[in-house]
Amino acid sequence: MLRYFVSKLLISVVLLLGVLTLAFFMLRMTGDPVALMMSRDASPEEMEAFREMMGFNRPVSVQFLDFLSKAAVGNFGNSLHYATPALPLVMERLSATVKLAVIGLLMAILIGVPLGLTGGLNPGSPLDSLGRFWGLLGQSVPNFWLALLLILVFAVRLHWFPSFGADQAKSVVLPAFVLSLAVSSQILRMTRSTVLEVRGEDFVRTARSKGLNQATIYFKHILRNVAIPLISVIGVQFGYMLGGSIYIETIFAWPGMGQLLSQAIGWRDFPLVQALAIFTSVVVLALNLATDLAYALLDPRIRYGK
Amino acid sequence: MVSKTFSPKADSRLEIKTTFKDRLAFLARLLWRDKGGTIGLIMFFIVVFAAVFASVITARDPLDQDLINSKMPPAWEEGGAWEQPFGTDSLGRDMFSRILSGARVSLTVGFFGVLIAATLGLVIGAIAGYFGGRVDSIIMGPINLILAMPYLLFVVFIAAILGRSLLNVILIFGITDSPIFARVARGEVLRIRESAYVESAISAGARSGRIIFDHIIPNLIGPLITLATFEMSAMIFYEAGLGFLGLSVPPDVPSWGNMLAEGRKYLVNDHWLTTFPGLAIMFTSMGMNLAGDWLRDVLDPRLRRSRK
């Protein structure tokens, strides 16, 4: 178990280094990061001064080492717009994004798991058809569009929920629901197909043939085996929610990292964009690590496999 | 065939030989049995038809402005007219012809994006899977790195740096999506290499080339086509999303994402500027997902049973 944990941790550290490297070189992809960050009508002197200030005039290798050593102590440079360190600005926004994602994830689990279970246990039933339709909707409805439609119906026409902001308790309902739709569809489809698969396994047939009652078969044999892949899907989807709420936070003016990202792009504040990208990746990597561990704790096959 | 003697080789070929027509009939039967797949394919062909024949279906130019008739509602609402069934936008441009042109942009991005991603992914994944060992670790390291990162965030990051153009969007999706194809191709190659039929081909003395072309590549096509369908649908989604943030094709190009970004400003009073582009994305994506589910079931017989 310890060996498994250490090897997963090492992989995460390597991935983290990879993320830093990618984020560093992406900013220099067009050749000149100065032209990217300054307005078109900046004078050559201003551009030169800016280049000097940001240290872009040094050799790339020096810049890269400098970037890495600063990143190691959590320094990702200053935001151009706020003129303060970028990382605290990002951290400030974390709690709002996490709150949105947690509530969205709960909604997705509450919708996806029951529908997936009933669908998998009774394929072809009306509830299964409903579930499959929901699964299809979740895959094909663009969330930014759904957000606009829900605002139109539930905020503008019916006045049930506020159309933007995070100052009321019920503000979270619409954005969290939009965020949960695609995830609930993933969870539903996965639960359904795993149940279908496990139902046909030998151990279920054996259990049935030795006369176990249905409830015991469902809870001890089927549900336990469904839980394992479910945890992994939930972990991956939670990461997706943390990094993928850009549209939703922008549309609902939800004060999280996604909203900050679209603002930073608008300001051409690339140091801030870079810090956001790195920080979100770190959170997602940590989440993947946690998922892997939960997975190993639940499934002895993985623990002893390697 | 050199001779007609009953060598074991000729014999086995006789048994598995099915004509192209048989296969087509078999596919058609499977398709008919899966109503979702039938509907999905029809939906997809409608979108392709709309994209190809946009200029034949409507004579109106999607870029022609007519400020006097701006923000005209769709035909079935008060103040609408059947000459412009989906109404007009804030500059009086015909929404119906803009939606049709949008299909063109979306399908172009989806098709070429997937083509690049699948080609890159197939080559990279097949090399990693076939040679294995150190080659595999060197190739799959960066691939797993990219797959572990928050995808949307990095696509937005790159798009913001590169700037708005159709070519950039296609390249961004083509390159950032290739790791998924690489991973699937690698997994399939590994699975096929271990399979009994490849083992027996090797023990019968088949050379590498024969194994790659006769056994591995034909077996890779199924999973890759299925993946391509889903990825194309995802790319159409992401393109619209980038457009919505103002990071996709230039603002004067009528893409569904650009139209949504524009429509958002008039959401409260002129809902059709938002409704139609969104419906178009949903229609396309739903068709491709249904068709993709069907393809996956058909191309992978192991799954055919589990669905009823």
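**Notebook: helices, a pocket and some loops**

I began with helix H9 of chain B and looked up what its buried residues pack against, finding helix H5 (95–131), helix H6 (133–148), helix H8 (166–176), helix H10 (196–203) and helix H11 (208–244) of chain B. I note here that the model is a predicted one. The buried residues of H9(B) are B:Ser178, B:Pro179, B:Phe181, B:Ala182, B:Ala185, B:Glu188, B:Val189 and B:Ile192. I then checked the length of H9(B), which covers residues 178–194, and found that its 17 residues reach 24 Å from the first C-alpha to the last, close to the 24 Å expected at 1.5 Å a residue.

**Chain B as a whole**

I stepped back to chain B and counted 14 helices and 0 strands. Of its 308 residues, 48% count as buried, and the C-alpha trace spans about 80 × 45 × 35 Å along its principal axes. When I took the contacts in chain B with a separation of 6 or more, I found that residues 24 or more positions apart account for 69% of them.

**Helix H7 of chain B**

Next I turned to H7(B), residues 151–162, whose 12 residues reach 17 Å from first C-alpha to last, close to the 16 Å expected at 1.5 Å a residue. How many of the residues of H7(B) are buried? I found 10 of the 12, so this helix is largely enclosed by the rest of the structure. Among the buried ones I wrote down B:Leu152, B:Phe154, B:Val156, B:Phe157 and B:Ile161. Following H7(B) comes B:Gly163, with a positive phi near 90 degrees.

**A proline in a loop of chain B**

I looked for B:Pro85 and found it in the loop between helix H4 (54–57) and H5 of chain B. Is B:Pro85 buried or exposed? Its relative accessible area is 16%, and because buried means under 20%, B:Pro85 counts as buried. Leaving out residues up to four places away in sequence, I saw that B:Pro85 touches B:Pro74, B:Ala75, B:Trp76 and B:Phe96.

I then examined the second largest pocket, which holds about 470 Å³ of space. I counted 21 lining residues, and those nearest the centre are A:Met54, A:Lys70, A:Phe76, A:Gly77 and A:Asn78. Helix H1 (2–27), helix H3 (44–54), helix H4 (60–72) and helix H13 (270–298) of chain A each supply at least two residues of the lining, and the largest share, 4 residues, comes from H4(A). By type, I sorted the lining into 10 nonpolar, 7 polar and 4 charged residues.

For chain A, the domain assignment gives domain 1 (2–71) and domain 2 (86–267), and I noted 35 Å between their centres, taken over C-alpha atoms.

Lastly I looked at backbone angles, keeping in mind that most residues other than glycine have a negative phi. A:Ala83, although not a glycine, has a positive phi of about 55 degrees; I placed A:Ala83 in the loop between H4 and helix H5 (86–121) of chain A, where it is exposed at a relative accessible area of 56%. A:Arg268 also has a positive phi of about 55 degrees without being a glycine, and A:Arg268 lies in the loop between helix H12 (257–266) and H13 of chain A.

Terms used: Residues are numbered from 1 along each chain as its sequence is written. Chains are lettered from A and ligands numbered from 1 in the order in which they are written. This is a predicted model: local features need pLDDT of at least 70, side-chain atom pairs count only at pLDDT 80 or more; totals for chains, interfaces and linings use all residues. Side-chain values use heavy atoms; hydrogens and water are left out. The expected span of a helix is 1.5 Å times one less than its number of residues. Buried means under 20% relative accessible area, exposed over 50%, partly exposed in between (1.4 Å probe, protein chains only). Contact means heavy atoms within 4.5 Å. On a 1 Å grid over the protein atoms alone, a cavity is a set of points where a 1.4 Å probe fits but cannot get out, and a pocket is an open set with protein on both sides within 12 Å along at least five of seven lines; lining residues have an atom within 4 Å of a point. Grid points are joined across faces, edges and corners, and a volume is the space filled by probe spheres set on the points. Ala, Val, Leu, Ile, Met, Phe, Trp, Tyr, Cys and Pro count as nonpolar, Asp, Glu, Lys and Arg as charged, and the others, Gly among them, as polar. Domain bounds come from an automatic or database domain assignment.
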